[in-house]
Amino acid sequence: MSKFQRFLPGGSLLNFFLTILIVFLGFTVWTSVYTIPSDSIAVVKRFGKYAREVPPGLHFKFPFGIESATIVPVKRQLKQEFGFTTSGAQDPYQNSKNKDIQRETQMVTGDLNAALVEWVVQYRILDPVKFLFEVREPSETLRYVSESVMREVVGDRTVDEVITIGRQEIESQALIKMQALSTKYTMGISIDQVQLKNINPPKPVQESFNEVNQAQQEKEKLINEARRDYNKVIPLALGEKDQRIREADGYRLKRINEAEGDVARFNALLAQYVKAPEVTLRRIYIETMQQVLPQVHSKIIIDKSTSSILPLLNLEQSNKMLKIGEKR
């Protein structure tokens, strides 16, 4: 016994058992205490079977592997990238494997053209129990579901729709189909968003396709410029047209009113003329002369009995000529 005690720590059997007890208690505490982040919950399994769900915070479980806790980030938005990779990703299924990047992006459109499609799927874990126990490797399964759905949606459209005008519709249809399959497979996840990234034609035809896009952009530019000029000129012409119409209507009303006034005045004058023709005729003559004579600067009045031209001699003009000669 003394020989055995020489190999014990401190040379005492009691110290040896105390050391063993401390190590045992430390290992017990280390395997029974765990912490859950605020954006996650823990699914506790007892001997590999589901036992309970635990909220965030500090918790205890049976040690020595009797119970194990799997932390599931139910409040965090997760994503999967297809056709490209983002550095620093912690989820091994977030990015494509290097050998799968090119394969994932290669798709055939409905008009039998090829396109390179990159997209992102954003999702949340809705039911952690289903996520862990209903499907083996749910994150990997989601990648397969997403790729299958995207190929189906892209295959129903032309290459022009995929690259240009159909992006939003493709995103909406892919989101609906992915969520339907996830629900069917009881994966316990909710698809929040499907977002298309870069969509390009294959490299051998990319230069020609870029030229076509530039031509289409130039076409749209010219159409927009024409619409701008149209919106600028047409309202101005319509305004001028309305102004001319209003001026014509005003002139028409003015002429009608003047004509009606002349008719009323003529009828009143005719009534007076019928009653006293000579008096009315003389009055008309006098009123006419009153209007005409003030506008005549030089007046010559001739007597019917005059037979010589002397009365026509302009003495005032002769006097002016004489005065001018005297000044000279």
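Y50 is partly exposed, with a relative accessible area of 37%. That value falls between the limits for buried, under 20%, and exposed, over 50%. The model is predicted.

**Y50 and its partner**
- The structure holds 2 aromatic pairs.
- One of them joins Y50 and F133 in an edge-to-face arrangement. Their centres are 6.2 Å apart, and the planes stand at 70 degrees.

**F82 and W119**
- F82 and W119 form a stacked aromatic pair. The centres are 4.5 Å apart, with 5 degrees between the planes.
- F82 lies in strand β6 (residues 78–82) and W119 in strand β8 (residues 114–125), so this pair ties together parts that are 37 residues apart in sequence.
- Both residues of the pair, F82 and W119, are buried.
- F82 has a charged neighbour as well: the charged end of R143 sits over the F82 ring, 4.2 Å from the ring centre.

**Helix α5**
- R143 is among the buried residues of α5. Others include P138, L142, V145, E147, M150 and V154.
- Helix α5 covers residues 138–155, 18 residues in total.
- At 1.5 Å a residue, α5 should span 26 Å. The C-alpha atoms at its ends are 25 Å apart, so the model agrees with that expectation.

**V120 in strand β8**
- V120 is located in strand β8.
- Is V120 buried or exposed? V120 is buried, because its relative accessible area is 5%, and the cut-off for buried is under 20%.
- V120 and V194 are 74 residues apart along the chain. Their C-alpha atoms are separated by 5.8 Å.

**A nonpolar surface patch**
- Which residues make the nonpolar surface patch of about 870 Å²? They are L14, L18, L21, F24, L25, F27, W30 and F64.
- F64 is found in the loop between β4 (57–60) and β5 (67–72).
- F64 counts as partly exposed because its relative accessibility is 39%. Patch residues need over 30% relative accessible area.

Note on methods:
Residues numbered from 1 in each chain as written. Predicted model: local features only at pLDDT ≥ 70, side-chain atom pairs only at ≥ 80, totals over all residues. Heavy atoms only, no water. Patch = residues over 30% accessible without salt bridge, like charges linked within 9 Å, V, L, I, M, F, W, Y side chains within 5 Å. Areas by Shrake-Rupley, 256 points an atom, 1.4 Å probe, with all protein chains shown as cover. Salt bridge = Lys/Arg side-chain N within 4 Å of Asp/Glu carboxyl O. Helix = DSSP H or I, 4+ residues; strand = E, 2+ residues; numbered from the N terminus. Buried < 20%, exposed > 50% of the residue type's maximum accessible area, 1.4 Å probe, protein only. Phe/Tyr/Trp six-rings, centres within 6.5 Å; stacked < 30°, edge-to-face > 60°. Lys NZ or Arg CZ within 6 Å of the ring centre and 35° of its normal. Expected span 1.5 Å × (residues − 1).
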